[in-house]
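Here is a short report for a reader meeting this structure for the first time. Please look over the sequence and the model before reading on.

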Amino acid sequence: MIYLDNSATTKPYPEVLDTYKTVAEEYFANPSSLHKLGGRAEALLNKCRAQAARLLNVKEQEIIFTSGGTEGNNTAIKGVAFGYRQRGKHMITTKVEHPASRAAFEQLEALGYDVTYLDVDREGRISVDDVKRALRDDTILVSVIHVNNELGTIQPVEEIGNLLKERPKTLFHVDHVQGFTKVPLDFYEAGIDLCTISGHKIHGPRGTGILFIREGVQLSPLLAGGGQEHGLRSGTENLPAIAAFVRAMRMTTERARTGIAALDKLSKRIRQALEELPGVTVNTPKQGAAPHILNATVHGLRAEVFIHALEEEGIYISTKSACSSKESEASAVLLACGIPEEAARQAVRISLSFENTPEEIERFLQTFARKLSELKNAME
Amino acid sequence: MRYDQLVLSFGEIALKGKNRQMFSDLLFHRVRERLRDLPSVKVRMPYDHIEIDLNGANGDEVAERLRHVFGIQSIRAAIETNLDLQEMQAGALKVLLGEQANRPIRTFKISTKRKNKKYPTPSNELNHLIGAHVLRNTEGIKVDVHHPDLEIKVEVLENRARISGRTYEAAGGLPVGSAGKVLLLLSGGIDSPVAGYQLMRRGATVEAIHFHSPPYTSDRARQKVIDLAEKLHFYGGDVKLHIVPFTEAQLAIRDSLPESYRMTIMRRMMLRIAERVAEQRGALALATGESLGQVASQTLESMNTINEVTNLPVLRPLIAMDKVDIMTIAKEIDTYDISIRPYEDCCTLFLPRAPKTKPNREHANRFEKNLPIDALVQAAVDGIETIDIGRHEDSMDALL
């Protein structure tokens, strides 16, 4: 099997699953219970938070554990909308957000909030000047996806953060789900107030994530209850999953030290090989894109057909975002970049992880070329 | 841009006379210890500073680790060139552009030092030649010799030049282990970890003693102290934590003494036990986080009465500090959030709402006649559990 759908989800590391099992068996007590077993569970939870904070280079009290990217984005966006509604009701985002952000903004619009969706250029990137022009006195939030999940395009979040540093009344949320460990981001330096991370994109278990909330930001919680996670996310902590996730964070961060350069080589190799194939256009920009996502249009072939053809050979790639790939419409992200509808329908996404090897990539490329010519011949 | 080197300058060590070698060797050892897991990084110590060859490691990360090693005053990141003027000029420009990518820089100055006096061009002239090159190749940047945004130091050495730009503030102080051993009374509150930190900063090796009264104080309170000791361990090498079973003594105090003197006598018991541990462990002084007048046990009358039971010096590094300033340090050294976890410790057990603020020795001695002092001290000392914070393997760590 050659698995190249890592932006949809990754395979958990065996060590991560070991941790899950051990914690579920041995630390099953509720961290809020007063007795010793509860204390041990709480101590482990504290350790998880400390390790996560160290890996992200932030303070422990700035981390809440969530169920993943969708919850992180919703908590950040709605939490700011509800917590700062006295300050203003205008928010700015982009036309290329993940549905977990976009749909949250649409809900807020229905509630009377005013949302500006910024256009992107051909490469899927917004301009800092557009952000500047869109800002108003009542703008309470700017929310931007760091690395686009379909194209891999990196948004200029550092520049936007710099711009917003002079506007303390406008908070800045970054959806860092695809970027985490692949595209380094210093939250403080980039002036980020809220940042969403997901566990299952970095070989952790499903249902885990972190929302970074900078000290001083007052969110209105989505889940009210027993006051866990500093009162911002009630519900008994999912300790086995949290511990497993934090272990995956450490392992993946360690892999990233040499892994990013290796990924970069692999994706350059894929780009070069695909660009040589007739009827294939690479949509991911050459500069300013993450090293693990490559989107390409295979002209004249419906993407689904090609994906199933590769799957017969044990190779797994995908169409657009997994979260919307079952809908039959063309990708909204690609359309927003001005890619024609036909070409957008024929786009496939190849997404790598630090686990992929050069040998796998060579085999994938050979198979890709062979299947492409087989299918084209069959159609003629 | 990547720096090649970090240069660590000594603080007070540089002022030492004959003992200086001992201090600098100790510091060298501490620095190497802190970088042990980075095999590519090489550490050298010429006479009056430490040089670190990064060999590709991230200078910011290495500096961050070393910022908290006591004995280092400041850290400079540098690149090396040969002694060719053009190379030095290009190096200075590279440093400026690299720093500019990091923060806005409008003014700079070049400070040249010739350690190699045989180098033909005088320092002043080198300043001009290198500065002019930087000016020619940049826009909107001026020289300001008084308050520059960036000072680029150029050191002309025997057969190479070192050009440094970025600097990091470090903790200062003296290397841990240079001042002998202290036994710190670690309560779990905000003050005592700060006191421990201050003493470590002056070179003391710190062991900690904590009084635990199960079931009145919980496992979480105990864990809190272990977590605090772990923070101290980060700053000052191995820390031994002695956990004293204190329930029996506290119950005896509650049952046989007037309310108003319970706190005073409890403190006297703590000091007696601590003195015994200090003797066993070779500590030459006790230390507390007391600050004059902060609470009833910290008035001069209380300290006078409590201190009577020991001959060891009791070091009180925070004695003249305000609470807010202590809290500021606690936040800086990352102990504050642990200290405010809301678990009761033994100091507040069984105590009257208004303990005596002006006790005296005479009364204390009279009341203590009702207590089997020696037996209680012995039982407490015998029951001590010692945790080797630097070395103990935590089963939880293996999970993460």
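A:Arg250 counts as partly exposed, because its relative accessible area is 24%. The model is a predicted one. A:Arg250 meets A:Glu254 in a side-chain salt bridge, at 3.3 Å from N to O. Both residues sit in helix α7 of chain A, which covers residues 239-276. They are four residues apart, about one turn of the helix. A:Glu254 is partly exposed too, with 39% relative accessibility.

## A salt bridge between two helices

Helix α7 takes part in another pairing. A:Arg269 and A:Glu362 form a salt bridge, and their closest N and O atoms are 2.7 Å apart. A:Arg269 belongs to helix α7 and A:Glu362 to helix α11 (residues 358-379) of chain A, so the pair ties together parts that lie 93 residues apart in sequence. A:Glu362 is partly exposed at 30% relative accessible area. A:Arg269 is partly exposed at 29%.

## A buried arginine in chain A

Where does A:Arg49 lie? It is found in helix α2 of chain A, residues 36-56. Its relative accessibility is 9%, under the 20% limit, so A:Arg49 counts as buried. Leaving aside residues up to four places away in sequence, A:Arg49 touches A:Glu60, A:Ile63, A:Ile64, A:Phe65, A:Glu229 and A:His230.

## Chain B as a whole

Chain B has 400 residues, and 54% of them are buried. Its secondary structure comes to 14 helices and 14 strands. The C-alpha trace spans about 85 × 45 × 40 Å along its principal axes. Take the contacts in chain B between residues at least 6 apart in sequence: 81% join residues at least 24 apart.

The accessible surface of chain B is about 18,500 Å², and carbon and sulfur atoms hold 49% of it. One nonpolar surface patch consists of B:Leu135, B:Val143 and B:Val145, with about 230 Å² of accessible area together. B:Val145 lies in the loop between β6 (142-143) and β7 (150-156). B:Val145 is partly exposed, at 48% relative accessibility.

## Charges in chain B

Chain B carries 54 positive and 53 negative charges, whose mean positions are 3 Å apart. B:Glu290 forms a salt bridge with B:Arg316, the closest N and O atoms being 2.6 Å apart. This pair links distant parts of the chain, 26 residues apart. B:Glu290 lies in the loop between β12 (285-287) and α9 (300-307). B:Arg316 lies in the loop between β13 (314-315) and α10 (323-332). Both are buried: B:Glu290 at 8% relative accessible area, B:Arg316 at 18%.

Across all chains, the whole structure holds 52 salt bridges.

How values were computed
Residues numbered from 1 in each chain as written. Chains lettered and ligands numbered in written order. Predicted model: local features only at pLDDT ≥ 70, side-chain atom pairs only at ≥ 80, totals over all residues. Heavy atoms only, no water. Buried < 20%, exposed > 50% of the residue type's maximum accessible area, 1.4 Å probe, protein only. Contact = heavy atoms within 4.5 Å. Areas by Shrake-Rupley, 256 points an atom, 1.4 Å probe, with all protein chains shown as cover. Lys, Arg positive; Asp, Glu negative; His and termini not counted. Charge placed at Lys NZ, Arg CZ, Asp CG, Glu CD. Patch = residues over 30% accessible without salt bridge, like charges linked within 9 Å, V, L, I, M, F, W, Y side chains within 5 Å. Salt bridge = Lys/Arg side-chain N within 4 Å of Asp/Glu carboxyl O.
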